[in-house]
Amino acid sequence: MIPAAFEYEAPTELAQAIDRLARSGGEAKVLAGGQSLIPLMKFRLAQPARIIDLNRIPGLAYVRENGELRIGALTREVDLEESAVIRDRYPIIADTAAVIADPIVRNLATVGGNVAHADPANDHPATLLALRASVVARGPRGERVIAIDDFFVDTFTTSLAVDEIVTEIRIPRAAAQSGGAYVKLERKVGDFAIVGVAAHLLLDGKGNVTTAGIGLTNVGPTALRARRAEAALVGRAPDDRAIAAAADAAAAEAQPVADLRGPVEYKRDVVRVLTTRALRRAVARAKGGK
Amino acid sequence: MHVQLTVNGASKEADVEPRLLLVHLIRENLLLTGTHIGCDTTSCGACVVLLDGRPVKSCTFFAVQANGRAVSTVEGLEQNGVLHAVQEGFTKEHGLQCGFCTPGMMMTSVALLERNASPTELQIRQAISGNLCRCTGYVNIVKAIQYAGTKLREAKAEKQPVAAGRA
Amino acid sequence: MAVHIGGIGQSVPRKEDARFIRGRGNYVDDVKLPGMVYLDIVRSPYAHARILKIDKSKALAIPGVLAVITGNDLVPLKLAWMPTLMGDKQMVLPTDTVMYQAQEVAAVVATTRYIAADGVAAVEVEYEPLPVVVDPIKALLPDAPVIREDREQKNNLIWHWETGDRAGTDKAFSSADVVVKQDIYIPRIVVASIETCGMVAQFDKVDGQLTVWMTTQAPHAIRTVIALVAGHLGLSEQKIRVISPDIGGGFGGKVPVYPGYVLAIGASVLTGLPVKWIEDRSENIQADSFARDYHITAEVAAKKDGTMQALRVKTIADHGAFDAAANPSKFPAGLFGVITGSYPFQKAFVEVDVVYTNKPPGGIAYRCSFRVTEAAFAIERLVDILALELKRDPAELRLQNFIPPQAFPYMTTLGWEYDSGNYAGALKLAMDKIGYAALRKEQAEKRSRGELMGIGISSFTEIVGAGPSKHFDILGIKMFDSAEIRVHPTGKAIVRLGVKSQGQGHETTFAQIVAEELGLPVGDIKVEEGDTDTAPYGLGTYASRSTPVAGAATAMAARKIREKGRLIAAHLLEASPDDIEWKDYKYQVKGVPAKSKTMAEVAFAAYTNHPQGMEAGLEAVDYYDPPNLTYPFGSYICVVDIDKGTGVVKVRRFFAVDDCGTIINPMIVEGQIHGGLTMGLAPALYEEINYDENGNIQGGTFMDYLLPTAMETPNWETGKTTTPSPHHPIGAKGVGESATVGAPAAIANAVVDALAHLGVRHIDIPITPWKVQKILKENGVAE
Amino acid sequence: MHFEGTADIGAPRERVWAFVTDPEKVSRCGPDVQRVEVIDPTHFKVVARAGVGPIRTTFALDVVFTELRAPEHAAVRARGQAPGSAVEMTNTLDLTDAAPGRTTLRWASDVVISGMIASVGARLMQGAADKVTQQVFACIKEQLEAPAEPSA
């Protein structure tokens, strides 16, 4: 499988990349990790006229926690998996990074690419929905911060303008008594999710849920936020009953379609099961467990 | 486009189309045919090489992206006629049959052991889960990596007293 | 001594590893010739369509595109069709109709791989879609569209085959105490060796010599096929050289002749340039020969006490659009007749209806002898279903029924003479090693807590080593195999064989046979295969036939040398040949061990000091015609745990006891078993090729065709018993495929066992999480 | 894949009919149309790019009106190829008067995609085809409701 020909540029400054993108009339694609884009190009299902390679732009790969957690868009998945801050304070993100594709792919795949590609089967979107993250984008008109709820528009479609580039992911600082987990079911290692569920909880002093975030992978045209499931938890103790109610709600909110990863009813049920498991782990983590 | 890169320690240059995949640069331009191609979908890992020390699938990377960077392939593992511990492990433990997945599998193993000299069986299995083998059932590949890990640890242990003495 | 020379029974390190671990293997895609051009293939998006027009102009306008070849271009060369091994014919390129998705429609030849791919994208084809039939059962209905309009017979039935005693079997069933019956579908899968198929073809217009480097398991047969198919173009057999270099896994997928090969040769003949064609993975999965695709209905009749009496099997086999399986002429359904398995059925009747559909052709093996996995899976599933029906432990029921060791050689009711076996020995060893009784106890405890754990057994009998020439041929060529040994003056040797390794380690194991027979160190013996200009004629490596047939030829050739050597030794030792014996790997004067000669000394004499009247030299050729097939066997026990929330099946343990007769290299045999088990796991839980109603392949890449990774694959545990084959010169039976044959039933049986208390009798493979979870939901036991 | 829908269009039935049966006009509502070649009033060829996000492929379509019953019913068959793939669409259009000056357009579309796109992009096909179909009919409505065309 051989990609169609294209023009290639590797700008060394972000402004330059944005400028090139803006001048390309929608016929250019930015290249980050390339682990989704290049296979599409090899099948000639994507034939961009121009590739703008972001990998020569310094300063786009980092994990920093100052006030909030900031992850540079070019941060590789492997670096998320291995980051001490992520592992200790945001284990839900480590959970997520560790199940994306396979370990070799994760050496190149980037968090920004995973989000901007907006594949409903990608894993970060659900987690970022659960965490109430925001996406920082830069374009010719400057920088804008897009709430994650406003970011995913449709399959492969985001609210980014054609001349905007994702530069950073921002995640609210991990509060005390908060915890989250991402649980994915796949047909085999390296596969896209049959279903993935991200759950994040903030508990109050009494152990009741004050904020709940639940994101679902690959059961809709985009990653979905299971709002009714979240609502089923808020103000309540995250006990078996509340978790079961939330899991049922998430299953009802999911919009799976039948495909090689199973029939609709199965997927819906797996949403329920994985929501239960993710919430249990989130509760344990919020209460100080691993 | 003109690219310059270091391959197995030696500087190489080539004029390439932007769409040329790194694996084709390695195989067809540089004639290092130990790196193989087994799929179209970044699934099999037969094409794994090290890019600045990290294993990547060279079928999912453009040659132009490698400009100025260091690539290591299976041909660079043996140094001065001495096999790398991973190469030795694969043959001692019968970790290969048809040999087609072997170079990619070994490059992944080399990178694993450089980061973690004492991986558990689970860590080994996770590390090679992006490399498919159709012949061996992986059991002996796991043993081969364990063999190499032991050998590398022993070599390091032998070296360290000397280094300490110098210090 | 055997240790010292590396003879039979030693885990000699593999000679071939030296190049593979250095990246110095030489696979077809590594062959690069001066002036070489590249071929790529335009394939049909439709499963059935009439071709209205093929427009080459845009492709030909691309600089670097040298030619676009269509079916009409092949007509004058009489190459548009080629014969199959099954008496059918197959399109190389269509002239008017495509019959399955991904079928070859045109070939583009260009100066680079990249330009060839651009050319493929630029060829414009107009199609008129035709009705599609993907279900072989529907294809047999009277109103089904006829797929092969080129045939005189205007329906989709290819042939019907049956074996056994229909009336006697029916009678046994009508009077049986117990009958169990099960529909079993064994889905279409592909071997997907990590190296895809490919060829470099080099035709020299001046001397008419064609040299091809080709991913083939059977180079000699291919040479003959080329000569037969393209002889009219002046390609005569002495001018055809087929080189099968290092092969990156075969498993049966590199036996057939694919259109791509013919096109590469044709393109080289047309352009006079060397042409390389290498398949993409998606082409490999979507268009190469498939395996299985058997719709089986099987029934067992038994007495109340569990004695199995009769077996009745009806099968509908989907062979795709052309009958291009690779079975011996007399056995169109392969060796499916081994379906009576390890049990002494008194009566059996088996019939197979083979059907055309709008799917790729095939019906080859998937690391198994001809249709044996289908047989082993069906019978081993049926035994478990019978055990459920009779509320018997499946191990106990097997032990009650096995053909006893003293009954061998045993003639089955379907006419196969099993050479040797000790089935109870293997099963008891497996039960002992895995702790069967303790596992059953654990299962009962877990079940009482609502946890789902299953234990599955498979006690299979394999049938390999095709085959005796009175019964076995392919295209009329008898299924012998060959070895040629030359011992050089300094006591080193070269062995050349008609088979071809694809990872099995022939360079090592065949050297070990010679080492054992001639007393030469294994390191002094070079093994060469895969070049038709130098190797003796043979049928190739598939169906686990290398050791049973070529291994025997090697031993026999070595024995011819040893016999000549005896005369030379007698001459050197000034003794009568009758007084010379071969002992401790050398020639000795009987009763006088001090008077001896090594093979190296004899070899030197063969060129320097041989007896008057004797021909100089020390070499021999043997074409071995096996007196019978060999019947390896084994018993496997699998333990699974089931996740009640997701339906995911996890193979926790798997113990495999194999008996392949005499073992040449235990390390290699164990490796073969590990690999075979993994290719048994794959279809049991993961791999499947489906088609939608329009004939679109579902899962045509490695993203959806799910080869197990190291994470899904358990840490296989192995054991062995050794029951040599009485008719094989060294008692070896072959092992490459046993595990693939035996494993799927053990895994399926384990999953069914975990759910048996819910009334489950059978689940078709692959046992996906959603199939399991549906059962859990229906029975109210899901999480 | 089957899709259907109803559009309430603020234009009289004759005008809607004229629009949806005019190859030039209706084909301009296809996704990213690059070329239209009218062969005769009921037969035309369109080259269009369809897809979602980065997945976009160029289809060369052969379009034929197989039924025309003015001004109430039309059936259109579009058949074409993209590299490695093929698409076959059968659409029916039924027009009824909704209110004076308004027309109800009921449409149904059966889409069969074969080849590479179906085998590699199966999990995305339904969504993409649905979206493209919706866009086509949204465009028809928009065009007809737009302020009078220069030619009108």
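User: How many salt bridges are there between chain D and chain A?
Analyst: The count is 2. Bear in mind that this is a predicted model.

User: Which side chains meet in the one with Lys131(D)?
Analyst: The side chain of Lys131(D) meets that of Asp154(A), at 3.0 Å from N to O.

User: And how many residue pairs are in polar contact there?
Analyst: Between chain D and chain A, 3 residue pairs are in polar contact, counting pairs with both residues at pLDDT 80 or more.

User: Which elements of chain D give two or more residues to that side?
Analyst: Two strands and two helices of chain D do: β3 (43-52), β4 (55-69), α3 (116-120) and α4 (122-145). By class, the side of chain D that touches chain A has 7 nonpolar, 4 charged and 2 polar residues.

User: What area is buried between chain D and chain A?
Analyst: About 1500 Å², with carbon and sulfur atoms giving 62% of that. Pro54(D), Ile55(D) and Arg123(D) supply 42% of what chain D buries against chain A, more than any other three residues.

User: How many residues are in contact?
Analyst: On the chain D side 13 residues, and on the chain A side 20.

User: Switching to cores. How many residues has the largest nonpolar core?
Analyst: It has 142 residues. Those with the most contacts inside this core are Phe336(C), Ile339(C), Trp416(C), Phe654(C) and Leu755(C).

User: Is Thr532(C) buried or exposed?
Analyst: Thr532(C) counts as buried because its relative accessible area is 5%, and the cut-off is under 20%. Thr532(C) lies in the loop between β26 (525-529) and α16 (546-573) of chain C.

User: What is Thr532(C) in contact with?
Analyst: Leaving aside neighbours within four places in sequence, Thr532(C) is in contact with Pro219(C), His220(C), Arg223(C), Ile240(C), Arg241(C) and Val242(C).

User: Last one, Asp269(A). Where is the place of that residue?
Analyst: Asp269(A) is in helix α10 (residues 264-286) of chain A. Asp269(A) is buried too, with a relative accessible area of 9%.

User: Which side chain does Asp269(A) join in a polar contact?
Analyst: That of Lys777(C), at 2.8 Å. Beyond its neighbours within four places in sequence, Asp269(A) is in contact with Gln773(C) and Lys777(C).

Methods:
Residues are numbered from 1 along each chain as its sequence is written. Chains are lettered from A and ligands numbered from 1 in the order in which they are written. This is a predicted model: local features need pLDDT of at least 70, side-chain atom pairs count only at pLDDT 80 or more; totals for chains, interfaces and linings use all residues. Side-chain values use heavy atoms; hydrogens and water are left out. Contact means heavy atoms within 4.5 Å. Buried area is the accessible area (1.4 Å probe) that two parts lose on being put together, summed over both. A salt bridge is a side-chain nitrogen of Lys or Arg within 4 Å of a carboxyl oxygen of Asp or Glu. A polar contact is a pair of N or O atoms within 3.5 Å; within protein, one must be able to donate a hydrogen and the other to accept it, and residues adjacent in sequence count only if both atoms are side-chain atoms. Helices (H or I, at least four residues) and strands (E, at least two) are DSSP runs, numbered from the N terminus. Ala, Val, Leu, Ile, Met, Phe, Trp, Tyr, Cys and Pro count as nonpolar, Asp, Glu, Lys and Arg as charged, and the others, Gly among them, as polar. A nonpolar core is a set of buried Ala, Val, Leu, Ile, Met, Phe, Trp, Tyr and Cys residues joined through side-chain atoms within 4.5 Å. Buried means under 20% relative accessible area, exposed over 50%, partly exposed in between (1.4 Å probe, protein chains only).
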